[in-house]
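This report looks at charged side-chain pairs in one protein model. The sequence and structure come first, and the pairs follow.

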Amino acid sequence: MNKLRRARLRVDKSQLQLMRETGIFFSTISRIERGWIEPTPDQKFKLAKALKVDANWLFPKQRD
């Protein structure tokens, strides 16, 4: 389970609730959780703020 889903479940929010708070479609949230797409910097900020976690923890920089 990735950090986004773990953080979302820890605060007991559905993808739909997170969509309402962030303006990010729940299908996009699902794709981010599954690792199918990389969130934009703006999406990272919104998701971290809604889940009350640090964006760098939620989306650690990947090493090349």
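Which side chain meets glutamate 38 in a salt bridge? In this predicted model, the partner is lysine 44, with N and O 3.3 Å apart. Glutamate 38 is exposed, at a relative accessible area of 52%, while lysine 44 is partly exposed at 22%. The labels differ because exposed means over 50% relative accessible area and buried under 20%, with partly exposed in between.

The search of the whole structure gives four salt bridges. Three of them are described in this report, including the pair above.

| Salt bridge | N to O distance |
|---|---|
| Arginine 8 and glutamate 33 | 2.6 Å |
| Lysine 44 and glutamate 38 | 3.3 Å |
| Aspartate 42 and lysine 46 | 3.2 Å |

Arginine 8 and glutamate 33 form a salt bridge whose closest N and O atoms are 2.6 Å apart. This pair links distant parts of the chain: arginine 8 lies in helix α1 (residues 3-10) and glutamate 33 in helix α3 (residues 26-34), 25 residues apart. Arginine 8 and glutamate 33 are both buried.

Aspartate 42 and lysine 46 make a salt bridge at 3.2 Å, N to O. Both residues sit in helix α4 (residues 41-51), and because they are four residues apart there, about one helical turn separates them. Aspartate 42 is partly exposed, with a relative accessible area of 44%. Lysine 46 is also partly exposed, at 32% relative accessibility.

How values were computed
Residues are numbered from 1 along each chain as its sequence is written. This is a predicted model: local features need pLDDT of at least 70, side-chain atom pairs count only at pLDDT 80 or more; totals for chains, interfaces and linings use all residues. Side-chain values use heavy atoms; hydrogens and water are left out. Helices (H or I, at least four residues) and strands (E, at least two) are DSSP runs, numbered from the N terminus. Buried means under 20% relative accessible area, exposed over 50%, partly exposed in between (1.4 Å probe, protein chains only).
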